Amino acid sequence: MKMTKTKRILYYHARLMGISLIHSKQSNNSYPIHNHTSVYIIGLIVSGSIILKKRNSHHSYQGGQSFLIWPYEPHSLVAADQYDMVSLCISKSFIQCHSLKEASEIIIKHMKMLSNKEASIVIDS
């Protein structure tokens, strides 16, 4: 597991588990069209707003709303204004290897680690 802090983005990677958490704080970052291989992304807008472009559609998401991006799905993100967002990245292999109950417990455990102030150190497993 590895956690690093870059500007206003907090990354937490449990690579062996196949999950990552990304917390973008007070961000104005926009990201050009790209995709993620073998990873589902669940995004939650905590505050502010973004525009998510997928396929031929554009959707605006505001605080309290969430979205899903499928593996290999081309998408881009535009900051409509400053936003806070939490993204949970889950590998296809993680989903295939765990029951829904196990997966929920593992994800909750790792989300608690992200919120723990001591988690700003680098942890390897």
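**A walk through the strands, cores and pocket**

Let's start at one residue: Ser76 counts as buried, because its relative accessibility is 11%, and buried here means under 20% relative accessible area, with exposed over 50% and partly exposed in between (1.4 Å probe, protein chains only). This is a predicted model, so local features need pLDDT of at least 70 and side-chain atom pairs count only at pLDDT 80 or more, while totals for chains, interfaces and linings use all residues. Residues are numbered from 1 along each chain as its sequence is written, and side-chain values use heavy atoms, with hydrogens and water left out.

Back to Ser76, which sits in strand β9. Not counting residues up to four places away in sequence, Ser76 touches Tyr31, Pro32 and Ile33, and also Ile51, Leu52 and Lys53; contact means heavy atoms within 4.5 Å.

Zooming out, the chain has 10 strands and two helices, taken as DSSP runs numbered from the N terminus (H or I and at least four residues for helices, E and at least two for strands). Along the sequence the pattern reads β-β-β-β-β-β-β-β-β-β-α-α. Of the 125 residues in the chain, 37% are buried. Take the contacts between residues at least 6 apart in sequence: 64% of them join residues at least 24 apart.

Now for the inside. The largest nonpolar core has 14 residues, and those with the most contacts inside it are Ile45, Ile50, Leu52, Tyr61, Phe67 and Met85. Such a core is a set of buried Ala, Val, Leu, Ile, Met, Phe, Trp, Tyr and Cys residues joined through side-chain atoms within 4.5 Å. Four strands, β5 (39-47), β6 (49-54), β8 (66-69) and β10 (83-91), each supply at least two residues of this core. A second, separate core has 10 residues, Phe94, Ala103, Ile106 and Ile107 among them.

If you leave aside its neighbours within four places in sequence, Tyr61 is in contact with Ile45, Gly48, Ser49, Ile50, Leu52, Ser66 and Phe67. Both Tyr61 and Phe67 are buried.

That brings us to the aromatic rings. The count comes to two aromatic pairs, where rings of Phe, Tyr and Trp (its six-membered ring) pair if their centres lie within 6.5 Å; planes under 30 degrees apart count as stacked, over 60 as edge-to-face and the rest as tilted. Tyr40 and Trp70 form an edge-to-face pair, 5.4 Å centre to centre with 65 degrees between the planes. Tyr40 belongs to strand β5 and Trp70 to the loop between β8 and β9, so this pair ties together parts that are 30 residues apart in sequence. Trp70 is partly exposed, at a relative accessible area of 45%. The other pair is Tyr61 with Phe67, which is tilted: 5.4 Å between centres and 50 degrees between the planes.

Next, the pocket. The largest pocket has a volume of about 480 Å³. On a 1 Å grid over the protein atoms alone, a pocket is an open set of points where a 1.4 Å probe fits, with protein on both sides within 12 Å along at least five of seven lines, and lining residues have an atom within 4 Å of a point. Points are joined across faces, edges and corners, and the volume is the space filled by probe spheres set on them. Of the 25 lining residues, Ile22, His36, Ile41, Ser87 and Cys89 are the closest to the centre. Seven strands, β2 (9-14), β3 (19-27), β4 (31-34), β5, β8, β9 (75-79) and β10, each supply at least two residues of the lining, and β10 gives the largest share, with five. By class, the lining holds 14 nonpolar, 10 polar and one charged residues (Ala, Val, Leu, Ile, Met, Phe, Trp, Tyr, Cys and Pro count as nonpolar, Asp, Glu, Lys and Arg as charged, and the others, Gly among them, as polar).

Ser24 lies in strand β3 and is buried, at 4% relative accessibility. Beyond its neighbours within four places in sequence, Ser24 is in contact with Arg8, Ile9, Tyr83, Asp84 and Met85.

Most residues other than glycine have a negative phi. Ser38, in the loop between β4 and β5, has a positive phi of about 55 degrees. Tyr72, in the loop between β8 and β9, has a positive phi of about 70 degrees. Ser38 is partly exposed at 27% relative accessibility, and Tyr72 is partly exposed at 44%.
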